[in-house]
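Hi,

Here is the structure I promised to pass on.

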Amino acid sequence: MMMLGCRPAGRNTEQHDMFFGIAPTIKDLVPDIKAFWPEAKDKIHIDAWREVTQVDGYQIRVLPREAAVADESADKLFFLNLGGYKAGEFDEFHYKTLVVAPDNGAAIKQAKQSAFYKHTGFKGATSHIDDKFGVDVDELYQVKDILADDIKQKYSIQVTARESSTPDELHLGYFILGKL
């Protein structure tokens with residue numbers, strides 16, 4: 001899971017987007033990152049990344065597609081981009097989150113329980129689930145659905161309940177693709 005940034009030609013501020021990929025190293029993802037955001041040309045950088053191995057007491061594993069067992073009733077991994085406002089601040093704040101849930105409705109319900117959702121909004125400017133990647137109250141994508149097509153053909157994401165787990169390490173900073 002990566003937060004990509006760049007300032008495309010004609011833009012006044014840095015733009016961001018979320019990218020999900022599967023590879024042995026980040027450097028191996030560079031061609032996929034460039035294909036994901038072609039308008040950025042060679043100006044893309046990574047502002048944050050995380051190897052997703054656990055979410056809220058669930059183990060997240062990547063398996064070769066042929067080794068995965070399809071279970072439509074199983075819990076699934078969802079990405080949500082929450083948006084909210086603070087009085088007197090000329091900005092829309094965002095909180096990117098992963099949740100494990102059996103379906104879209106349960107994923108949205110979990111997101112609405114987050115501290116961010118509850119505390120970034122006021123009358124006339126309420127918190128919301130952004131339509132980034134088509135994510136809003138009416139639409140919600142599973143992480144597997146926003147992977148590149150070639151990755152979807154090779155791998156499957158398995159979600160398994162697990163009692164204790166160490167949080168994934170968050171890597172924050174300014175990582176230039178050309179220097180990976």
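Below is what I found in it. Keep in mind that this is a predicted model.

Let's start with the aromatics. There are 3 aromatic pairs by the rule I used. One of them is Phe-20 with Phe-79: the ring centres are 5.3 Å apart and the planes sit at 65 degrees, over the 60 degrees needed, so this pair is edge-to-face. Phe-20 belongs to the loop between strand 2 and helix 1, while Phe-79 is in strand 6 (residues 76-84), so the contact ties together parts that are 59 residues apart in sequence. Phe-20 is buried at 6% relative accessible area, and Phe-79 is buried too, at 1%.

Another pair is Tyr-95 and Phe-116, with centres 5.6 Å apart and planes at 20 degrees, so that one is stacked. Tyr-95 comes from strand 7 (residues 93-101) and Phe-116 from helix 3 (residues 115-119), 21 residues apart. Tyr-95 is partly exposed at 37%, whereas Phe-116 counts as buried at 15%.

There is also a charge over a ring: the charged end of Lys-86 sits over Phe-93, 4.7 Å from the ring centre.

Three strands make an open, antiparallel sheet in the order 4-5-9, with strand 4 (54-55) and strand 9 (155-161) at the edges. Strand 5 (residues 58-64) pairs with strand 9 over 7 bridges, and Pro-64 has Tyr-155 of strand 9 as its bridge partner.

Last, Thr-25: this residue is in the loop between strand 2 (15-19) and helix 1 (30-36) and is partly exposed at 39%. Its C-alpha is 31 Å from that of Gln-110.

Cheers

Definitions and conventions: Residues are numbered from 1 along each chain as its sequence is written. This is a predicted model: local features need pLDDT of at least 70, side-chain atom pairs count only at pLDDT 80 or more; totals for chains, interfaces and linings use all residues. Side-chain values use heavy atoms; hydrogens and water are left out. Helices (H or I, at least four residues) and strands (E, at least two) are DSSP runs, numbered from the N terminus. Buried means under 20% relative accessible area, exposed over 50%, partly exposed in between (1.4 Å probe, protein chains only). Two strands pair if DSSP finds at least two bridges between them. Rings of Phe, Tyr and Trp (its six-membered ring) pair if their centres lie within 6.5 Å; planes under 30 degrees apart count as stacked, over 60 as edge-to-face and the rest as tilted. A charge sits over a ring if NZ of Lys or CZ of Arg is within 6 Å of the ring centre and within 35 degrees of the ring normal.
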